[in-house]
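Hi everyone, thanks for making time.

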Amino acid sequence: MAHLPNFISDLAIILITASVITIIFKWLKQPVVLGYIVAGFIASLHFKKFIEASVVKISGLAPEKVNEVFKILPEISDMANVSIWAEIGVIFLLFALGLEFSFKKLMDVGGKASIATLINLGSMIIVGYLAGELFIVNLVSDWTTMDSIYLGCMLSMSSTTIIIKAFNDMGLQKKKFAGIVFGMLIVEDIAAIIMMVLLTTFAASKHFESGELANSVVKLVFFMMIWFVVGIYMIPTMLKKLKKYLNDETLLIVAIGLCLGMVYFATVVGFSAALGAFIMGSILAETVESKHIEHLIEPLKNLFGAVFFVSVGMMIDPAIIVEYGILVLILTLVVLIGRIIFATIGVLASGEGLKVAMQSGFSLAQIGEFSFIIATLGVSLGVITESLYPIIVAVSVVTTFTTPYCIKWAEPVFNWVEKRIPPKWEKLKQGYAANGYNTVNKQNDWNRLLKSILKLVAIYTAICIAILLVFQNFINPYIVEYVPGSIWGNILAALITLTLMAPFLRAIMMKRNRSEEFKNLWRDNRLNRGALVSLIVFRIILCLALVLLVLIPLFPELTVLMVIISLVVVTLIIFSQGFKAQSRKIEARFLENLNLKQKLDEKKAAILPTVANDLRSKSIHIEEFEVSQSSPNIGKSLKEMNFRQQTGVNVITIIRGSKKINIPDGNERLYPFDKLVVSGSDEEMQKLSLFLEEKKAQISQMEEEAQHHISLSQFIVESKCSLIGKTIAESGLRERTECMIIGIDRDNESIINITPDIIFKENDIIWLAGEKDKLNSFEENIKVHIPLKL
């Protein structure tokens with residue numbers, strides 16, 4: 001028998017088990033992720049040992065005999081293979097997450113979600129750490145401080161998959177609190193990425209120093225900034241130029257290549273593979289091909305993601321869960337109570353009312369995917385004990401089951417609390433955002449100027465440092481070695497480095513010096529002029545320092561001369577029109593790539609995002625609904641459908657291909673694939689969703705009941721038949737019976753070229769095609785007797 005590689009047989013066991021269990025979970029209306037975890041447990045050696053021990057205990061048979069019986073069952077031969085598949089799963093999960101995320105989306109989420117998430121996240125990390133330290137003293141003496149830190153991080157992460165599934169099942173995705181929860185999940189994802197980087201650093205040093213922490217944060221910010229800026233500058237332009245060559249196959253290969261390339265680069269510079277995948281996903285999220293790539297990558301994400309979650313289930317050890325059952329129960333209560341309280345407080349602090357805050361808090365009472373990824377990271381680094389992994393998975397499973405119930409309990413609990421709130425706390429129920437406390441004053445010129453200068457100085461300085469590091473470590477050594485004469489090699493290396501840095505150095509010194517804010521402040525009063533000049537001088541000094549960082553390592557013995565030369569270089573850069581033009585060209589291309597997708601989306605959108613945001617602040621939402629080609633509303637006018645009376649929403653635009661019909665009147669009719677852009681409150685949107693779902697269900701039922709199959713039948717033209725002597729055209733068979741004549745058998749001859757002038761004769765056998773009920777009624781319609789059945 002041919003030998004099958006172990007990793008193929010292992011993958012077969014994983015996927016077959018996962019497919020069976022997930023179908024069962026779908027039937028039970030439970031989350032698929034939970035099915036993967038259960039499938040992993042069933043496919044694991046822990047489950048096999050658990051079953052064997054149970055059979056021995058119940059039957060009283062010898063363990064050897066029971067073991068012999070269970071040997072016939074397939075089992076995972078090499079967990080190392082599963083770990084590799086799982087690591088690939090994490091990469092594709094984070095890549096897909098990055099594709100759904102964008103830095104602009106984070107800006108749109110704004111301060112509310114950030115404030116709420118930081119309060120919830122920080123509080124749960126502290127509570128989890130303190131709980132871990134308490135467990136070390138009383139319950140699990142083999143845990144370390146590192147276990148407590150990882151525990152706090154794992155308890156701080158909600159489950160995006162479970163929340164989205166619960167909202168969809170319960171029809172809550174249009175509610176106001178659902179939007180706040182989604183915003184908080186976006187901020188959590190970013191926090192999780194940063195957390196993973198810091199945990200990796202801590203694991204490497206095994207102790208904590210503020211210097212190491214600051215170094216890790218600075219390094220992370222620096223590389224993320226460089227990756228993002230360079231990625232946005234290069235990748236959208238590359239995809240645009242290669243567009244005519246990018247079909248589904250090549251685009252998929254290019255996207256995966258970019259993902260794995262960034263994964264490799266991230267690991268080389270000391271970060272995790274997950275961070276690299278996420279960064280590349282977030283870069284591609286800013287391109288016009290993002291939705292296409294997201295669609296192409298989904299099957300890979302589903303496949304390898306399934307393997308990852310199955311591998312999580314394989315870590316569940318029933319013996320450990322039984323041993324630490326009290327610990328699982330305590331941590332479950334910590335998650336349920338802690339996350340509800342702290343998330344509610346966070347949303348309240350962001351300005352929302354008590355009801356929305358409690359609904360958000362109750363929705364976030366679980367832990368999920370990122371908790372598993374963090375736990376996997378701890379296991380792979382060897383810094384957490386083996387017992388922590390199955391414990392945290394068990395807590396996740398329990399809180400997954402409780403999530404729908406927590407969401408349902410939010411409103412009754414709010415009603416109970418509302419009755420007991422003192423009148424002086426009335427503002428707590430409404431939220432200060434609703435009472436006018438959240439108004440934002442117009443920023444003054446100083447704020448706008450300083451923010452813009454700080455942003456551009458940070459970005460361009462990071463680019464200059466990146467160029468400097470690349471040349472010092474990889475390029476300058478070769479130039480110095482191969483150019484004849486040591487001094488000429490150093491001079492050439494310095495010239496090339498400074499030439500590449502020059503456009504960015506000029507941007508640091510000169511950008512925003514002629515902006516409206518700068519001019520207003522300069523004209524305002526003399527005191528401003530001194531501050532503005534000092535700001536320019538500071539930026540020039542920064543550039544001098546960057547130039548010296550290039551020159552001094554190449555000419556260490558000529559420090560004083562290098563200072564003079566750096567002054568000359570900076571002066572030349574300031575007055576050089578070539579570097580000015582190059583700087584503007586680079587910035588224009590970056591901004592074009594960054595804003596291209598947004599411009600296309602705004603062009604297609606029925607309403608500008610700024611207007612939509614203003615409406616959302618007044619609790620009015622904008623949504624799009626597509627008219628299905630099988631919709632019963634096709635051909636009906638808006639007046640006939642009467643959406644306003646049925647659901648309360650207003651139809652503000654109909655998008656028909658590239659055409660937009662704004663503020664349509666009641667006589668406008670609907671066509672297949674029209675997009676209705678409607679406005680309304682949370683409750684009205686919910687009514688519309690239910691109304692459309694009911695219509696959709698009615699259509700599905702009608703389609704299931706309808707019989708559209710074409711059948712064949714034969715009929716004989718007997719002596720008394722009314723068709724004898726008539727042509728096909730005169731008989732009107734097609735119009736009267738909705739059946740088609742496809743052939744006539746006459747005197748051992750088959751007539752298949754049917755024309756309207758053929759005359760029916762006695763004993764003709766007519767071949768008919770049509771729907772079954774029409775064929776059955778054919779005889780009655782033409783008064784033919786006894787059809788010959790096939």
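Before anything else, one cut-off we'll need: a residue is called buried under 20% relative accessible area, exposed over 50%, and partly exposed in between. And keep in mind that this is a predicted model.

Glu 587 sits in helix α25, residues 577-604, and its partner Lys 511 is in the loop between α21 and α22, 76 residues apart, so here we have a link between distant parts of the chain. The two form a salt bridge, with the closest N and O atoms 2.8 Å apart.

Okay, how many salt bridges does the structure hold? Twelve. In general, side chains of opposite charge can pair when their charged atoms come close.

Here's another one: Lys 243 and Glu 289 meet through their side chains at 2.8 Å, N to O. Lys 243 is in the loop between α10 and α11, and Glu 289 in the loop between α12 and α13, so this pair ties together parts that are 46 residues apart in sequence. Is Glu 289 buried or exposed? Buried, at 11% relative accessibility.

Then there's Asp 674 with Arg 656, a salt bridge at 2.9 Å, N to O. Asp 674 belongs to the loop between β3 and β4 and Arg 656 to strand β2, so parts 18 residues apart get tied together.

Asn 513 is buried, at 11%, and its side chain reaches the backbone oxygen of Met 509 at 3.0 Å. Beyond its close sequence neighbours, within four places, Asn 513 is in contact with Phe 518, Ile 536 and Arg 539.

Now the inside. The largest nonpolar core has 162 residues, and Leu 94 and Tyr 150 have the most contacts within it. Helix α20 gives the most to that core, 13 residues. Apart from it lies another core of 30 residues, including Val 187 and Met 358.

Last stop, the surface. A nonpolar patch there, with about 620 Å² of accessible area together, has Val 560 as one of its members. Val 560 is in helix α24 and counts as exposed at 64%.

Definitions and conventions
Residues are numbered from 1 along each chain as its sequence is written. This is a predicted model: local features need pLDDT of at least 70, side-chain atom pairs count only at pLDDT 80 or more; totals for chains, interfaces and linings use all residues. Side-chain values use heavy atoms; hydrogens and water are left out. Buried means under 20% relative accessible area, exposed over 50%, partly exposed in between (1.4 Å probe, protein chains only). A polar contact is a pair of N or O atoms within 3.5 Å; within protein, one must be able to donate a hydrogen and the other to accept it, and residues adjacent in sequence count only if both atoms are side-chain atoms. Contact means heavy atoms within 4.5 Å. Patches are made of residues with over 30% relative accessible area and no salt bridge: like charges are joined within 9 Å, nonpolar side chains (Val, Leu, Ile, Met, Phe, Trp, Tyr) within 5 Å. Accessible areas come from the Shrake-Rupley method with a 1.4 Å probe; for residues, only the protein chains shown count as cover. A salt bridge is a side-chain nitrogen of Lys or Arg within 4 Å of a carboxyl oxygen of Asp or Glu. Helices (H or I, at least four residues) and strands (E, at least two) are DSSP runs, numbered from the N terminus. A nonpolar core is a set of buried Ala, Val, Leu, Ile, Met, Phe, Trp, Tyr and Cys residues joined through side-chain atoms within 4.5 Å.
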